[in-house]
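This report covers two interfaces, one inside a chain and one between chains. The structure comes next.

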Amino acid sequence: MTGEVAVLGAGMHPWGKWGRDFTEYGTAAARAALADAGLEWSAIESVVGANTVRCGYPGQVAGATFARALGWQGAKVTSVYAACATGARAIDTARAQILSGMADTVLVVGADAAPKGFFAPAGGERPDDPDWLRFRVLGATNPAYFALWARRRMALYGDTPEDFARVKVKNAAAGALNARARYRSRVTAEEVAASAVVADPLRLLDICATSDGGAALVLGSMEVARRRGIRRPVRIRAVSSVSPRHPRTALDLPDIATDSAPAAGPGDDPFRPSIARAAYEEAGLGPEDLSLAEVYDLSTALELEWYEDLGLCGAGEGAKLLREGATALGGRIPVNPSGGLASFGEAVPAQAIAQVCELTWQLRGTAGDRQVAGAHTGITANQGLFGHGSSVIAVC
Amino acid sequence: MSRTRTPVVPGWFTPDDTTAFRLLGTRCRRCRTVHFPREDASCRAPGCAGTALEEVPLSPRGRVWSYTDGRYRPPAPYPSDPGLPWRPYTLIAVELAAEGMVVLGQGAPGVTVADLAVGMEVEVVPGVLAEEDGRTLTTWHWRPVPGEAS
(Lines give C-alpha, C1' and ligand atoms only; values in the text may rest on other atoms or scores of the structure.)
Protein backbone atom coordinates (compact mmCIF):
# COMPACT_ATOMS: atom_id res chain seq x y z
CA MET A 1 0.00 0.00 0.00
CA THR A 2 1.19 3.51 -0.85
CA GLY A 3 0.93 6.26 1.76
CA GLU A 4 -2.12 8.47 1.95
CA VAL A 5 -2.48 12.18 1.24
CA ALA A 6 -5.12 14.42 2.83
CA VAL A 7 -7.74 16.41 0.95
CA LEU A 8 -7.50 19.75 2.75
CA GLY A 9 -9.89 21.63 0.49
CA ALA A 10 -12.23 21.17 -2.50
CA GLY A 11 -13.80 23.83 -4.70
CA MET A 12 -15.62 24.21 -7.99
CA HIS A 13 -16.89 26.88 -10.32
CA PRO A 14 -20.40 25.82 -11.41
CA TRP A 15 -20.62 24.07 -14.80
CA GLY A 16 -22.39 25.87 -17.67
CA LYS A 17 -21.76 27.35 -21.11
CA TRP A 18 -20.67 30.94 -21.10
CA GLY A 19 -17.65 30.95 -23.41
CA ARG A 20 -15.52 33.00 -21.03
CA ASP A 21 -11.77 32.58 -20.44
CA PHE A 22 -11.17 29.20 -18.81
CA THR A 23 -8.69 30.89 -16.45
CA GLU A 24 -11.62 32.61 -14.76
CA TYR A 25 -13.34 29.30 -13.95
CA GLY A 26 -10.14 27.67 -12.66
CA THR A 27 -9.17 30.65 -10.55
CA ALA A 28 -12.62 30.77 -8.94
CA ALA A 29 -12.41 27.03 -8.22
CA ALA A 30 -8.91 27.43 -6.76
CA ARG A 31 -10.00 30.26 -4.46
CA ALA A 32 -12.97 28.14 -3.31
CA ALA A 33 -10.68 25.19 -2.55
CA LEU A 34 -8.22 27.41 -0.66
CA ALA A 35 -11.07 28.92 1.38
CA ASP A 36 -12.40 25.43 2.08
CA ALA A 37 -8.92 24.41 3.29
CA GLY A 38 -8.57 27.58 5.36
CA LEU A 39 -5.20 28.17 3.68
CA GLU A 40 -3.75 31.32 2.18
CA TRP A 41 -2.57 31.06 -1.43
CA SER A 42 0.89 31.98 -0.18
CA ALA A 43 0.97 28.72 1.82
CA ILE A 44 0.79 26.58 -1.35
CA GLU A 45 4.17 25.08 -2.21
CA SER A 46 3.28 23.56 -5.57
CA VAL A 47 0.63 24.06 -8.25
CA VAL A 48 -0.35 21.28 -10.65
CA GLY A 49 -2.46 22.43 -13.59
CA ALA A 50 -4.62 20.06 -15.64
CA ASN A 51 -4.11 21.11 -19.25
CA THR A 52 -6.70 21.76 -21.92
CA VAL A 53 -5.68 21.58 -25.57
CA ARG A 54 -8.61 23.75 -26.63
CA CYS A 55 -7.60 26.96 -24.89
CA GLY A 56 -4.34 27.66 -26.72
CA TYR A 57 -1.00 28.17 -25.04
CA PRO A 58 -2.46 29.17 -21.63
CA GLY A 59 -4.45 25.91 -21.70
CA GLN A 60 -1.32 23.85 -22.34
CA VAL A 61 0.64 25.42 -19.50
CA ALA A 62 -2.30 25.37 -17.10
CA GLY A 63 -0.21 25.21 -13.93
CA ALA A 64 1.56 28.45 -14.82
CA THR A 65 -1.66 30.05 -16.09
CA PHE A 66 -3.45 29.54 -12.77
CA ALA A 67 -0.37 30.45 -10.69
CA ARG A 68 -0.09 33.73 -12.60
CA ALA A 69 -3.83 34.47 -12.26
CA LEU A 70 -3.69 33.85 -8.51
CA GLY A 71 -0.55 36.03 -8.31
CA TRP A 72 2.98 34.70 -8.77
CA GLN A 73 4.27 33.62 -5.38
CA GLY A 74 7.13 31.35 -6.37
CA ALA A 75 5.45 27.93 -5.96
CA LYS A 76 6.69 24.99 -8.02
CA VAL A 77 4.59 24.68 -11.18
CA THR A 78 3.69 21.54 -13.16
CA SER A 79 1.25 21.07 -16.04
CA VAL A 80 -0.05 17.67 -17.13
CA TYR A 81 -2.21 16.30 -19.93
CA ALA A 82 -3.90 12.90 -20.33
CA ALA A 83 -7.06 13.65 -22.36
CA CYS A 84 -10.20 12.96 -20.28
CA ALA A 85 -8.02 11.51 -17.50
CA THR A 86 -6.04 14.76 -17.18
CA GLY A 87 -7.56 15.84 -13.86
CA ALA A 88 -6.82 12.51 -12.18
CA ARG A 89 -3.23 12.56 -13.49
CA ALA A 90 -2.86 16.05 -12.01
CA ILE A 91 -4.03 14.63 -8.67
CA ASP A 92 -1.57 11.75 -9.05
CA THR A 93 1.30 14.17 -9.75
CA ALA A 94 0.40 16.23 -6.66
CA ARG A 95 0.22 13.05 -4.60
CA ALA A 96 3.66 11.92 -5.78
CA GLN A 97 5.14 15.29 -4.80
CA ILE A 98 3.62 15.04 -1.32
CA LEU A 99 4.54 11.39 -0.71
CA SER A 100 8.11 11.98 -1.87
CA GLY A 101 8.47 14.97 0.45
CA MET A 102 8.89 17.48 -2.40
CA ALA A 103 5.91 19.52 -1.18
CA ASP A 104 3.52 19.51 1.78
CA THR A 105 0.68 21.57 0.27
CA VAL A 106 -0.28 21.28 -3.39
CA LEU A 107 -3.04 23.02 -5.34
CA VAL A 108 -4.55 21.02 -8.23
CA VAL A 109 -6.62 23.00 -10.74
CA GLY A 110 -8.41 22.16 -13.99
CA ALA A 111 -10.79 24.26 -16.07
CA ASP A 112 -12.14 24.37 -19.59
CA ALA A 113 -14.21 26.46 -21.95
CA ALA A 114 -15.64 23.98 -24.45
CA PRO A 115 -16.93 24.76 -27.94
CA LYS A 116 -20.49 23.95 -28.99
CA GLY A 117 -21.14 20.65 -30.73
CA PHE A 118 -18.81 17.75 -31.46
CA PHE A 119 -15.25 17.90 -30.18
CA ALA A 120 -12.98 18.24 -33.21
CA PRO A 121 -9.23 17.86 -33.70
CA ALA A 122 -6.92 20.83 -34.22
CA GLY A 123 -6.81 22.14 -37.80
CA GLY A 124 -4.29 21.60 -40.56
CA GLU A 125 -3.25 18.57 -42.60
CA ARG A 126 -1.98 16.17 -39.94
CA PRO A 127 -2.14 12.53 -41.11
CA ASP A 128 0.35 11.46 -38.42
CA ASP A 129 -2.31 12.12 -35.75
CA PRO A 130 -4.73 9.18 -35.22
CA ASP A 131 -7.30 11.61 -33.78
CA TRP A 132 -7.15 13.73 -36.94
CA LEU A 133 -7.33 10.59 -39.12
CA ARG A 134 -10.50 9.18 -37.58
CA PHE A 135 -12.34 12.42 -38.37
CA ARG A 136 -10.75 12.75 -41.81
CA VAL A 137 -11.26 9.19 -43.02
CA LEU A 138 -14.44 8.12 -41.23
CA GLY A 139 -16.09 11.18 -39.68
CA ALA A 140 -16.04 9.08 -36.51
CA THR A 141 -17.06 11.50 -33.75
CA ASN A 142 -16.87 10.66 -30.05
CA PRO A 143 -20.62 9.81 -29.93
CA ALA A 144 -20.04 7.36 -32.81
CA TYR A 145 -17.72 5.31 -30.59
CA PHE A 146 -20.14 5.57 -27.64
CA ALA A 147 -22.85 4.26 -29.98
CA LEU A 148 -20.71 1.33 -31.18
CA TRP A 149 -20.20 0.26 -27.56
CA ALA A 150 -23.92 0.74 -26.78
CA ARG A 151 -24.98 -1.38 -29.76
CA ARG A 152 -22.47 -4.04 -28.75
CA ARG A 153 -24.07 -4.21 -25.27
CA MET A 154 -27.50 -4.58 -26.86
CA ALA A 155 -26.25 -7.51 -28.94
CA LEU A 156 -24.22 -9.21 -26.20
CA TYR A 157 -26.36 -8.62 -23.12
CA GLY A 158 -29.82 -7.66 -24.36
CA ASP A 159 -29.62 -4.09 -23.02
CA THR A 160 -32.31 -1.85 -24.50
CA PRO A 161 -32.56 1.89 -25.29
CA GLU A 162 -34.99 2.02 -22.35
CA ASP A 163 -32.22 0.76 -20.04
CA PHE A 164 -29.93 3.50 -21.32
CA ALA A 165 -32.67 6.11 -20.75
CA ARG A 166 -33.00 4.96 -17.13
CA VAL A 167 -29.38 6.03 -16.53
CA LYS A 168 -30.23 9.55 -17.68
CA VAL A 169 -33.37 9.64 -15.55
CA LYS A 170 -31.36 8.54 -12.49
CA ASN A 171 -28.49 10.98 -13.02
CA ALA A 172 -30.76 13.90 -13.83
CA ALA A 173 -32.64 13.29 -10.58
CA ALA A 174 -29.35 13.51 -8.65
CA GLY A 175 -28.14 16.51 -10.65
CA ALA A 176 -31.37 18.35 -9.85
CA LEU A 177 -30.10 18.38 -6.23
CA ASN A 178 -26.64 19.75 -7.11
CA ALA A 179 -26.24 23.54 -7.29
CA ARG A 180 -22.97 23.16 -9.23
CA ALA A 181 -24.51 21.10 -12.05
CA ARG A 182 -25.25 22.65 -15.45
CA TYR A 183 -28.52 20.76 -15.95
CA ARG A 184 -30.73 20.83 -12.87
CA SER A 185 -34.05 19.51 -14.17
CA ARG A 186 -35.39 16.03 -13.80
CA VAL A 187 -35.70 14.14 -17.09
CA THR A 188 -38.25 11.45 -17.98
CA ALA A 189 -37.70 8.33 -20.06
CA GLU A 190 -40.20 9.78 -22.55
CA GLU A 191 -38.06 12.91 -22.94
CA VAL A 192 -34.98 10.78 -23.66
CA ALA A 193 -36.93 8.74 -26.21
CA ALA A 194 -38.23 11.91 -27.88
CA SER A 195 -34.75 13.46 -28.26
CA ALA A 196 -33.03 13.25 -31.65
CA VAL A 197 -30.91 10.23 -32.57
CA VAL A 198 -27.29 11.39 -32.83
CA ALA A 199 -25.61 8.04 -33.50
CA ASP A 200 -27.94 5.05 -33.51
CA PRO A 201 -28.91 3.76 -30.91
CA LEU A 202 -27.92 6.80 -28.84
CA ARG A 203 -30.02 9.94 -28.63
CA LEU A 204 -29.09 13.46 -27.66
CA LEU A 205 -30.07 12.90 -24.02
CA ASP A 206 -27.96 9.71 -23.87
CA ILE A 207 -24.79 11.67 -24.64
CA CYS A 208 -23.01 14.09 -22.35
CA ALA A 209 -22.72 17.71 -23.43
CA THR A 210 -19.48 19.71 -23.60
CA SER A 211 -19.33 22.33 -20.87
CA ASP A 212 -17.43 25.15 -19.24
CA GLY A 213 -16.36 24.59 -15.66
CA GLY A 214 -13.53 24.51 -13.17
CA ALA A 215 -12.55 22.32 -10.20
CA ALA A 216 -9.72 22.43 -7.68
CA LEU A 217 -8.34 20.52 -4.73
CA VAL A 218 -5.84 21.44 -2.04
CA LEU A 219 -3.93 18.28 -1.14
CA GLY A 220 -1.52 17.99 1.76
CA SER A 221 0.60 15.56 3.70
CA MET A 222 -1.02 13.73 6.62
CA GLU A 223 1.38 15.68 8.84
CA VAL A 224 0.01 19.00 7.58
CA ALA A 225 -3.54 17.78 8.24
CA ARG A 226 -2.54 16.83 11.80
CA ARG A 227 -0.82 20.17 12.37
CA ARG A 228 -3.98 21.92 11.24
CA GLY A 229 -6.02 19.97 13.76
CA ILE A 230 -8.03 17.98 11.20
CA ARG A 231 -8.70 14.76 13.08
CA ARG A 232 -10.28 12.73 10.28
CA PRO A 233 -9.42 14.23 6.89
CA VAL A 234 -10.68 12.71 3.68
CA ARG A 235 -7.64 10.78 2.42
CA ILE A 236 -6.69 9.73 -1.08
CA ARG A 237 -5.61 6.13 -0.72
CA ALA A 238 -5.07 5.14 -4.36
CA VAL A 239 -4.70 6.70 -7.79
CA SER A 240 -4.58 4.27 -10.69
CA SER A 241 -2.88 5.47 -13.86
CA VAL A 242 -2.22 2.19 -15.67
CA SER A 243 -1.99 1.90 -19.46
CA PRO A 244 -3.51 -0.79 -21.69
CA ARG A 245 -1.87 -4.13 -22.42
CA HIS A 246 -1.23 -5.35 -25.97
CA PRO A 247 -3.26 -6.70 -27.65
CA ARG A 248 -6.20 -4.35 -27.10
CA THR A 249 -9.18 -6.11 -28.59
CA ALA A 250 -11.88 -3.56 -27.74
CA LEU A 251 -12.16 -0.76 -30.29
CA ASP A 252 -11.38 2.51 -28.53
CA LEU A 253 -11.12 6.22 -29.24
CA PRO A 254 -9.44 7.40 -31.43
CA ASP A 255 -8.45 4.15 -33.12
CA ILE A 256 -9.68 2.93 -36.50
CA ALA A 257 -8.77 -0.67 -35.65
CA THR A 258 -7.87 -2.79 -32.63
CA ASP A 259 -4.59 -4.58 -32.13
CA SER A 260 -4.30 -7.96 -33.79
CA ALA A 261 -4.92 -10.83 -31.36
CA PRO A 262 -4.51 -14.14 -33.17
CA ALA A 263 -6.29 -17.06 -31.50
CA ALA A 264 -2.99 -18.58 -30.33
CA GLY A 265 -1.81 -15.32 -28.79
CA PRO A 266 -1.96 -14.06 -25.22
CA GLY A 267 -5.32 -13.85 -23.49
CA ASP A 268 -7.32 -10.68 -23.56
CA ASP A 269 -6.84 -8.33 -20.58
CA PRO A 270 -9.35 -5.55 -21.26
CA PHE A 271 -8.26 -2.06 -20.31
CA ARG A 272 -11.19 -0.57 -18.38
CA PRO A 273 -11.41 -3.29 -15.69
CA SER A 274 -7.62 -3.08 -15.25
CA ILE A 275 -7.94 0.61 -14.30
CA ALA A 276 -10.13 -0.14 -11.27
CA ARG A 277 -8.23 -3.32 -10.42
CA ALA A 278 -5.02 -1.33 -9.97
CA ALA A 279 -6.81 1.17 -7.72
CA TYR A 280 -8.32 -1.59 -5.57
CA GLU A 281 -4.94 -3.31 -5.26
CA GLU A 282 -3.20 -0.12 -4.21
CA ALA A 283 -5.92 0.75 -1.67
CA GLY A 284 -6.19 -2.77 -0.29
CA LEU A 285 -9.94 -2.55 -0.85
CA GLY A 286 -12.52 -4.10 -3.14
CA PRO A 287 -15.87 -3.22 -4.66
CA GLU A 288 -17.64 -4.61 -1.59
CA ASP A 289 -16.05 -1.82 0.50
CA LEU A 290 -17.49 1.06 -1.55
CA SER A 291 -20.13 3.53 -0.37
CA LEU A 292 -20.38 5.31 -3.73
CA ALA A 293 -18.79 5.71 -7.16
CA GLU A 294 -18.38 8.62 -9.56
CA VAL A 295 -17.88 7.26 -13.08
CA TYR A 296 -17.35 8.81 -16.49
CA ASP A 297 -20.81 8.59 -18.06
CA LEU A 298 -19.85 10.01 -21.45
CA SER A 299 -22.97 8.12 -22.52
CA THR A 300 -25.75 6.45 -20.59
CA ALA A 301 -24.68 3.05 -21.92
CA LEU A 302 -21.09 3.63 -20.83
CA GLU A 303 -22.20 4.09 -17.21
CA LEU A 304 -23.48 0.49 -17.31
CA GLU A 305 -20.07 -0.66 -18.56
CA TRP A 306 -18.41 1.00 -15.57
CA TYR A 307 -20.66 -0.90 -13.13
CA GLU A 308 -19.15 -4.08 -14.52
CA ASP A 309 -15.61 -2.74 -14.87
CA LEU A 310 -15.63 -1.60 -11.22
CA GLY A 311 -16.88 -5.02 -10.14
CA LEU A 312 -20.19 -3.73 -8.79
CA CYS A 313 -21.80 -6.59 -10.73
CA GLY A 314 -20.83 -9.26 -13.23
CA ALA A 315 -20.36 -8.75 -16.98
CA GLY A 316 -23.69 -8.06 -18.65
CA GLU A 317 -25.48 -7.38 -15.36
CA GLY A 318 -25.18 -3.58 -15.41
CA ALA A 319 -28.71 -2.93 -16.62
CA LYS A 320 -30.10 -5.32 -14.00
CA LEU A 321 -28.23 -3.49 -11.22
CA LEU A 322 -29.66 -0.21 -12.51
CA ARG A 323 -33.22 -1.55 -12.77
CA GLU A 324 -33.02 -2.78 -9.18
CA GLY A 325 -32.31 0.80 -8.09
CA ALA A 326 -28.98 -0.20 -6.50
CA THR A 327 -27.09 2.65 -8.17
CA ALA A 328 -29.62 5.45 -7.49
CA LEU A 329 -29.46 7.75 -4.47
CA GLY A 330 -30.76 5.67 -1.58
CA GLY A 331 -29.64 2.46 -3.29
CA ARG A 332 -27.02 -0.04 -2.16
CA ILE A 333 -24.16 1.55 -4.13
CA PRO A 334 -25.10 4.97 -5.52
CA VAL A 335 -23.27 5.80 -8.76
CA ASN A 336 -22.87 9.42 -9.82
CA PRO A 337 -24.65 11.01 -6.84
CA SER A 338 -23.30 14.32 -8.21
CA GLY A 339 -25.51 13.88 -11.26
CA GLY A 340 -22.53 12.73 -13.34
CA LEU A 341 -21.58 13.97 -16.77
CA ALA A 342 -25.25 13.66 -17.67
CA SER A 343 -25.94 16.68 -15.41
CA PHE A 344 -22.62 18.47 -15.79
CA GLY A 345 -21.49 17.94 -19.37
CA GLU A 346 -17.79 17.41 -19.79
CA ALA A 347 -15.27 20.16 -18.99
CA VAL A 348 -12.38 17.85 -19.85
CA PRO A 349 -9.46 18.76 -17.52
CA ALA A 350 -11.78 19.70 -14.65
CA GLN A 351 -14.03 16.65 -14.75
CA ALA A 352 -11.88 14.06 -12.97
CA ILE A 353 -11.03 16.67 -10.31
CA ALA A 354 -14.75 17.42 -9.89
CA GLN A 355 -15.32 13.69 -9.32
CA VAL A 356 -12.91 13.82 -6.37
CA CYS A 357 -14.56 17.02 -5.08
CA GLU A 358 -17.83 15.07 -4.95
CA LEU A 359 -16.16 12.17 -3.11
CA THR A 360 -14.75 14.70 -0.62
CA TRP A 361 -18.12 16.25 0.16
CA GLN A 362 -19.82 12.86 0.34
CA LEU A 363 -17.17 11.41 2.67
CA ARG A 364 -17.32 14.50 4.90
CA GLY A 365 -21.10 14.11 5.04
CA THR A 366 -21.69 17.61 3.65
CA ALA A 367 -23.34 16.74 0.31
CA GLY A 368 -26.73 18.03 1.40
CA ASP A 369 -29.83 16.63 -0.30
CA ARG A 370 -27.75 14.16 -2.33
CA GLN A 371 -25.78 12.82 0.65
CA VAL A 372 -25.09 9.08 0.61
CA ALA A 373 -25.85 8.03 4.19
CA GLY A 374 -22.76 6.93 6.15
CA ALA A 375 -20.41 7.24 3.17
CA HIS A 376 -16.86 6.17 4.11
CA THR A 377 -15.22 4.96 0.87
CA GLY A 378 -15.61 6.22 -2.67
CA ILE A 379 -14.09 5.52 -6.07
CA THR A 380 -13.86 7.56 -9.25
CA ALA A 381 -13.23 6.16 -12.71
CA ASN A 382 -12.58 7.83 -15.99
CA GLN A 383 -11.01 7.10 -19.32
CA GLY A 384 -9.38 9.40 -21.82
CA LEU A 385 -8.43 8.67 -25.39
CA PHE A 386 -4.96 7.40 -26.33
CA GLY A 387 -4.87 4.81 -23.54
CA HIS A 388 -5.41 7.06 -20.53
CA GLY A 389 -7.50 5.75 -17.68
CA SER A 390 -7.60 6.80 -14.08
CA SER A 391 -9.31 5.81 -10.89
CA VAL A 392 -9.09 7.47 -7.49
CA ILE A 393 -10.09 5.87 -4.19
CA ALA A 394 -10.76 8.13 -1.21
CA VAL A 395 -11.64 7.14 2.34
CA CYS A 396 -12.66 8.89 5.53
CA MET B 1 -13.41 16.37 -67.35
CA SER B 2 -12.45 13.39 -65.29
CA ARG B 3 -11.42 14.06 -61.71
CA THR B 4 -8.28 12.66 -60.18
CA ARG B 5 -8.96 9.65 -57.99
CA THR B 6 -6.93 9.97 -54.79
CA PRO B 7 -6.93 7.58 -51.83
CA VAL B 8 -7.95 9.48 -48.68
CA VAL B 9 -4.83 7.99 -47.06
CA PRO B 10 -2.03 6.54 -49.23
CA GLY B 11 -1.11 2.89 -48.70
CA TRP B 12 -4.09 1.74 -46.65
CA PHE B 13 -5.81 -0.17 -49.48
CA THR B 14 -5.18 -1.47 -52.99
CA PRO B 15 -6.01 0.69 -56.02
CA ASP B 16 -9.79 0.76 -56.43
CA ASP B 17 -9.64 -0.65 -59.96
CA THR B 18 -8.02 -3.87 -58.78
CA THR B 19 -10.25 -6.89 -59.07
CA ALA B 20 -9.51 -8.13 -55.56
CA PHE B 21 -9.79 -4.92 -53.52
CA ARG B 22 -8.20 -5.26 -50.08
CA LEU B 23 -7.23 -3.24 -47.05
CA LEU B 24 -3.44 -3.23 -46.62
CA GLY B 25 -1.71 -3.70 -43.29
CA THR B 26 1.82 -4.65 -42.37
CA ARG B 27 3.17 -7.76 -40.67
CA CYS B 28 6.27 -7.94 -38.49
CA ARG B 29 8.78 -10.33 -40.04
CA ARG B 30 10.02 -11.32 -36.59
CA CYS B 31 6.84 -11.96 -34.53
CA ARG B 32 4.22 -12.04 -37.33
CA THR B 33 1.98 -9.47 -35.58
CA VAL B 34 -0.26 -7.68 -38.09
CA HIS B 35 -0.85 -3.91 -37.85
CA PHE B 36 -3.61 -1.79 -39.32
CA PRO B 37 -3.33 1.10 -39.87
CA ARG B 38 0.08 0.08 -41.14
CA GLU B 39 3.21 0.40 -39.04
CA ASP B 40 6.24 0.65 -41.30
CA ALA B 41 9.03 1.55 -38.88
CA SER B 42 8.64 -0.61 -35.79
CA CYS B 43 6.51 -3.45 -34.48
CA ARG B 44 4.11 -2.48 -31.65
CA ALA B 45 4.03 -5.89 -29.93
CA PRO B 46 5.55 -5.36 -26.46
CA GLY B 47 7.87 -8.38 -26.54
CA CYS B 48 9.24 -7.66 -30.00
CA ALA B 49 11.80 -5.17 -31.25
CA GLY B 50 11.18 -5.96 -34.92
CA THR B 51 11.84 -3.21 -37.43
CA ALA B 52 11.27 -5.15 -40.65
CA LEU B 53 7.61 -5.13 -41.61
CA GLU B 54 6.05 -6.37 -44.84
CA GLU B 55 2.82 -5.27 -46.49
CA VAL B 56 -0.04 -7.76 -46.23
CA PRO B 57 -3.60 -7.63 -47.51
CA LEU B 58 -6.21 -8.05 -44.75
CA SER B 59 -9.01 -10.59 -44.94
CA PRO B 60 -11.66 -9.39 -47.39
CA ARG B 61 -14.54 -10.63 -45.23
CA GLY B 62 -15.43 -10.43 -41.57
CA ARG B 63 -18.34 -10.28 -39.17
CA VAL B 64 -20.04 -7.19 -37.78
CA TRP B 65 -18.72 -6.43 -34.25
CA SER B 66 -20.93 -3.36 -33.91
CA TYR B 67 -22.40 -0.54 -36.00
CA THR B 68 -23.89 2.93 -35.80
CA ASP B 69 -24.61 5.90 -38.04
CA GLY B 70 -23.84 9.61 -38.16
CA ARG B 71 -27.02 11.64 -38.14
CA TYR B 72 -25.17 14.96 -38.01
CA ARG B 73 -22.36 16.27 -40.18
CA PRO B 74 -18.97 15.56 -38.55
CA PRO B 75 -16.61 18.53 -38.12
CA ALA B 76 -13.53 19.18 -40.29
CA PRO B 77 -11.27 17.60 -41.40
CA TYR B 78 -14.13 15.30 -42.58
CA PRO B 79 -14.51 16.16 -46.27
CA SER B 80 -18.10 17.31 -46.64
CA ASP B 81 -19.61 20.27 -48.49
CA PRO B 82 -21.64 22.28 -45.94
CA GLY B 83 -23.66 23.69 -48.85
CA LEU B 84 -25.17 20.27 -49.55
CA PRO B 85 -27.79 18.56 -47.35
CA TRP B 86 -26.29 16.09 -44.88
CA ARG B 87 -26.85 12.44 -45.79
CA PRO B 88 -26.24 10.06 -42.87
CA TYR B 89 -23.95 7.11 -43.43
CA THR B 90 -23.32 3.99 -41.37
CA LEU B 91 -20.14 3.14 -39.50
CA ILE B 92 -19.42 -0.56 -39.18
CA ALA B 93 -16.82 -2.21 -36.94
CA VAL B 94 -15.86 -5.55 -38.45
CA GLU B 95 -14.11 -8.46 -36.76
CA LEU B 96 -11.57 -10.19 -39.02
CA ALA B 97 -11.10 -13.76 -37.79
CA ALA B 98 -7.65 -14.52 -39.24
CA GLU B 99 -6.12 -11.30 -37.91
CA GLY B 100 -8.11 -11.30 -34.63
CA MET B 101 -8.74 -7.62 -35.24
CA VAL B 102 -11.69 -5.22 -35.45
CA VAL B 103 -11.53 -2.66 -38.27
CA LEU B 104 -13.87 0.31 -38.55
CA GLY B 105 -15.16 1.59 -41.86
CA GLN B 106 -18.10 3.33 -43.44
CA GLY B 107 -20.94 1.24 -44.82
CA ALA B 108 -21.41 1.22 -48.60
CA PRO B 109 -23.94 3.78 -49.91
CA GLY B 110 -27.51 2.64 -49.25
CA VAL B 111 -26.58 0.42 -46.27
CA THR B 112 -28.56 1.58 -43.22
CA VAL B 113 -28.51 0.39 -39.61
CA ALA B 114 -31.74 -1.47 -40.36
CA ASP B 115 -29.78 -3.67 -42.80
CA LEU B 116 -27.18 -4.67 -40.19
CA ALA B 117 -26.88 -7.02 -37.24
CA VAL B 118 -23.98 -7.96 -34.97
CA GLY B 119 -22.42 -11.16 -36.35
CA MET B 120 -23.50 -10.58 -39.95
CA GLU B 121 -20.91 -11.31 -42.65
CA VAL B 122 -19.66 -8.28 -44.58
CA GLU B 123 -17.01 -7.71 -47.25
CA VAL B 124 -14.69 -4.85 -48.08
CA VAL B 125 -15.40 -2.96 -51.31
CA PRO B 126 -13.88 0.15 -52.90
CA GLY B 127 -15.83 3.34 -52.28
CA VAL B 128 -15.85 7.09 -52.69
CA LEU B 129 -15.55 9.23 -49.57
CA ALA B 130 -16.15 12.66 -51.08
CA GLU B 131 -15.35 15.09 -53.87
CA GLU B 132 -12.85 17.68 -52.61
CA ASP B 133 -10.93 20.39 -54.45
CA GLY B 134 -11.49 18.74 -57.84
CA ARG B 135 -10.38 15.34 -56.56
CA THR B 136 -12.38 12.22 -55.88
CA LEU B 137 -11.25 10.88 -52.50
CA THR B 138 -11.43 7.09 -52.47
CA THR B 139 -11.80 4.86 -49.42
CA TRP B 140 -12.96 1.41 -48.31
CA HIS B 141 -16.52 0.46 -47.49
CA TRP B 142 -18.06 -2.51 -45.72
CA ARG B 143 -21.04 -4.12 -47.41
CA PRO B 144 -23.22 -7.06 -46.34
CA VAL B 145 -22.30 -10.17 -48.31
CA PRO B 146 -25.07 -10.77 -50.87
CA GLY B 147 -27.56 -13.28 -49.53
CA GLU B 148 -26.80 -12.37 -45.90
CA ALA B 149 -30.16 -11.46 -44.35
CA SER B 150 -30.35 -9.11 -41.38
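## Salt bridges and polar contacts between the domains

Between domain 1 of chain A and domain 2 of chain A, the rule finds 2 salt bridges. A salt bridge here is a side-chain nitrogen of Lys or Arg within 4 Å of a carboxyl oxygen of Asp or Glu. A:Arg364 pairs with A:Asp36 in a salt bridge, with the closest N and O atoms 3.0 Å apart.

## Basis of the model

This is a predicted model: local features need pLDDT of at least 70, side-chain atom pairs count only at pLDDT 80 or more, and totals for chains, interfaces and linings use all residues. Residues are numbered from 1 along each chain as its sequence is written, chains are lettered from A and ligands numbered from 1 in the order in which they are written, and side-chain values use heavy atoms, leaving out hydrogens and water.

## Domains of chain A

Chain A splits into domain 1 (5-117 + 213-234) and domain 2 (130-207 + 236-258 + 267-395); the bounds come from an automatic or database domain assignment. Their centres, taken over C-alpha atoms, lie 23 Å apart. Domain 1 of chain A gives 40 residues to the contact and domain 2 of chain A gives 38 residues (contact: heavy atoms within 4.5 Å).

The two domains of chain A bury about 3,000 Å² between them, 67% of it on carbon and sulfur atoms. Buried area is the accessible area (1.4 Å probe) that two parts lose on being put together, summed over both. On the side of domain 1 of chain A, A:Trp15, A:Cys84 and A:Val234 supply 25% of the area buried against domain 2 of chain A, more than any other three residues.

## Chain B against chain A

The contact takes 44 residues from chain B and 37 residues from chain A. About 3,300 Å² is buried between the chains, with 63% from carbon and sulfur atoms. B:Trp65, B:Pro77 and B:Leu104 lose the most area in chain B, together 20% of what that side buries.

The rule finds 3 salt bridges across this interface. B:Arg71 forms a salt bridge with A:Asp200, where the closest N and O atoms are 3.9 Å apart. Polar contacts link 18 residue pairs (both at pLDDT 80 or more) between chain B and chain A.

How values were computed: Polar contact = N/O pair within 3.5 Å; in protein donor to acceptor, adjacent residues only side chain to side chain.
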